[in-house]
Amino acid sequence: MMSEYDVDVVVVGAGPGGSRAASELARKGLKVLVLEKRQEIGAPKRCAEGLNFAAVAALPFEIDGRWATQAIKSCRLFSPAGKEVMIKHPTYGGYVIERKVFEKFLAEDAIKAGAKYMVKTNVFEVLKDGEGRVVGVKADHMGEDITARSKLVLAADGVDSLTAKRAGINTANKISDYHSGFQYEMAGLKNVDPECLYVFFGEEVAPKGYLWIFPKGHSFANVGIGITSANSESGGEPRKYLDRFIADNPKYFEGASPVEVNGGGIPLSASAPTFVGDGIMLVGDAAQQVNPIHGGGIALAMRSAILASEVAAAAISEGDLSRERLMEYERRWFEGGDGAKLKRLYKLRMFMEKLEDKDFETLAEVMGSEDLLKLLGGDNKYILKLLLTKAPKLIPLAKKFLV
């Protein structure tokens, strides 16, 4: 016998975006069902696990050492030739988290608010009414087929978002906007400042991408790489570059070993073509709401979830789940800080991917901590002005992409 559920909102995916949306919607008095295909929320992790101070401050619970494993106060960036530039500023920093635990905290918060969770539940069909509006899903829950009917489906099922595709929303990424990531969690690292992130650039290190060391406390760290998938020589082999870097840098890695391996795709387009359809909304990686420069998406997913929840609750109250009504979410995203900033950062990414190693050396010579913070903040006008005075040979390229 097939089990059936009748709820206000079905959330597909229990990552940071899905669980924050579930929490917000449940607190607004809505009946929420969260379906997660994994048998364990938070595992396996698919990121370097960085979370900035602003995102931590916005959480609905207190900082806990079980998930906030290491406070970060600075970042060291290394040019292809090894020149170091430090970012150290009172506004910069955050935590490297244990995502497997963090996502359970988010789920716990949503469950306490009234949301129901079902793990090891794979959605295989999106239900539509006679007019084509999404009205629920069908899923396999540990071998049993279930039907969940709803006023709204919120897709938070990651970069591949089969839910969005089944609903008829095309979220396919251009190959040039897709990076391949590979990461070890390693134990036994040495000569690493535990309060500092390490980031390395260069065509021989990470073609059109970067390599990182994110400390997690004691001698542990996430050591990973993200490189463009468009480069046929490198796109499928991020591990090759990472393994070579580890072998070439005994200063950090002699005697260290991996205790976990992660990999996955990183969408760097700054946004999907649309975030909504009739009866459906997309948040987080499903909507490609990822920082195009560093690939971070946890904070963005949570902020988009909160915004989507506000619009969703109002739309449900009004009885209007049309695409036109739900478009308020998309408009507010782009009119607000995050959507506009991601567009600027996408232009900056296009600029940086055209730079040669010698250009990165130039940037390392002329940019200081304040300049890098402006760059990471998407202040392209500031960067143009800086290059005009300190690196004029880069101006033609910068004008092509940053204006």
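**Exercise 1. The aromatic cluster**

Phe78, Tyr198, Phe200, Phe245, Tyr252 and Phe253 form one aromatic cluster. The model is a predicted one. Find how many aromatic pairs the whole structure holds, then describe the pair of phenylalanine 78 and tyrosine 198.

*Solution.* 
- Step 1. Search the whole structure: 20 aromatic pairs turn up.
- Step 2. A pair of aromatic rings is described by the distance of the centres and the angle of the planes.
- Step 3. Apply them. For phenylalanine 78 and tyrosine 198, the centres are 6.3 Å apart and the planes make 10°. Planes under 30 degrees apart count as stacked, so this pair is stacked.
- Step 4. Place the residues. Phenylalanine 78 belongs to strand 5 (residues 74-78) and tyrosine 198 to strand 13 (residues 196-200), so the pair links parts that are 120 residues apart in sequence.
- Step 5. Check burial. Phenylalanine 78 and tyrosine 198 are both buried.

**Exercise 2. Charges over rings**

Find which ring lies under the charged end of lysine 343, and which under that of lysine 374.

*Solution.* 
- Step 1. Start at lysine 343. Its charged end sits over the ring of phenylalanine 334, 4.9 Å from the ring centre.
- Step 2. Go to lysine 374. Its charged end sits over the ring of tyrosine 382, at 5.4 Å from the centre.

**Exercise 3. A loop residue**

Locate glutamate 254. Is it buried or exposed? Which residues does it touch?

*Solution.* 
- Step 1. Glutamate 254 is in the loop between helix 6 (250-253) and strand 16 (257-267).
- Step 2. Its relative accessibility is 51%. Exposed means over 50%, so glutamate 254 counts as exposed.
- Step 3. Leave out residues up to four places away in sequence: glutamate 254 then touches Gly188 and Lys190.
- Step 4. Look at lysine 190. It is 64 residues from glutamate 254 along the chain, yet their C-alpha atoms are separated by 8.0 Å.

**Exercise 4. Strand 10 and its partners**

Work out how strand 10 pairs with strand 9 and with strand 11. Then judge how enclosed strand 10 is.

*Solution.* 
- Step 1. Recall the rule. Strands of a sheet pair through backbone hydrogen bonds, either parallel or antiparallel.
- Step 2. Take strand 9 (residues 121-128). It pairs with strand 10 in the antiparallel sense, over seven bridges. Threonine 121 stands opposite histidine 141.
- Step 3. Inspect the turn. Strand 9 and strand 10 make a hairpin with five residues between them, and glycine 132 in the turn has a positive phi of about 90°.
- Step 4. Take strand 11 (residues 144-155). Its pairing with strand 10 is antiparallel too, over six bridges. Here valine 137 stands opposite alanine 148.
- Step 5. Inspect this turn. The hairpin has two residues between the strands, and methionine 142 has a positive phi of about 50°.
- Step 6. Count burial. In strand 10 (residues 134-141), six of the eight residues are buried, so the strand is largely enclosed by the rest of the structure.

**Exercise 5. The faces of helix 12**

Show where the buried residues of helix 12 lie, and name the helices they pack against.

*Solution.* 
- Step 1. List the buried residues of helix 12 (residues 380-390): Asn380, Ile383, Leu384, Leu386 and Leu387.
- Step 2. Look down the axis. These buried residues fall within an arc of 165°, so they line one face of helix 12.
- Step 3. Use the helix repeat. An α-helix has 3.6 residues a turn, so residues three or four places apart point the same way.
- Step 4. Turn to the face away from the buried side. It carries the exposed residues Lys381, Lys385, Leu388 and Thr389.
- Step 5. Find the packing partners of the buried residues: helix 9 (337-353), helix 10 (357-366), helix 11 (369-376) and helix 13 (395-402).

**Exercise 6. The sheet and its edge**

Give the strand order of the seven-strand sheet.

*Solution.* 
- Step 1. The sheet is open, with the order 6-5-13-14-15-12-16 and mixed pairing.
- Step 2. Find the edges. They are strand 6 (84-88) and strand 16, each pairing on one side only.
- Step 3. Pair strand 6. Its pairing with strand 5 is antiparallel, over five bridges. Methionine 86 is the bridge partner of arginine 76.

How values were computed
Residues are numbered from 1 along each chain as its sequence is written. This is a predicted model: local features need pLDDT of at least 70, side-chain atom pairs count only at pLDDT 80 or more; totals for chains, interfaces and linings use all residues. Side-chain values use heavy atoms; hydrogens and water are left out. Rings of Phe, Tyr and Trp (its six-membered ring) pair if their centres lie within 6.5 Å; planes under 30 degrees apart count as stacked, over 60 as edge-to-face and the rest as tilted. Helices (H or I, at least four residues) and strands (E, at least two) are DSSP runs, numbered from the N terminus. Buried means under 20% relative accessible area, exposed over 50%, partly exposed in between (1.4 Å probe, protein chains only). A charge sits over a ring if NZ of Lys or CZ of Arg is within 6 Å of the ring centre and within 35 degrees of the ring normal. Contact means heavy atoms within 4.5 Å. Two strands pair if DSSP finds at least two bridges between them. The arc is that of the directions from the helix axis to the C-beta atoms.
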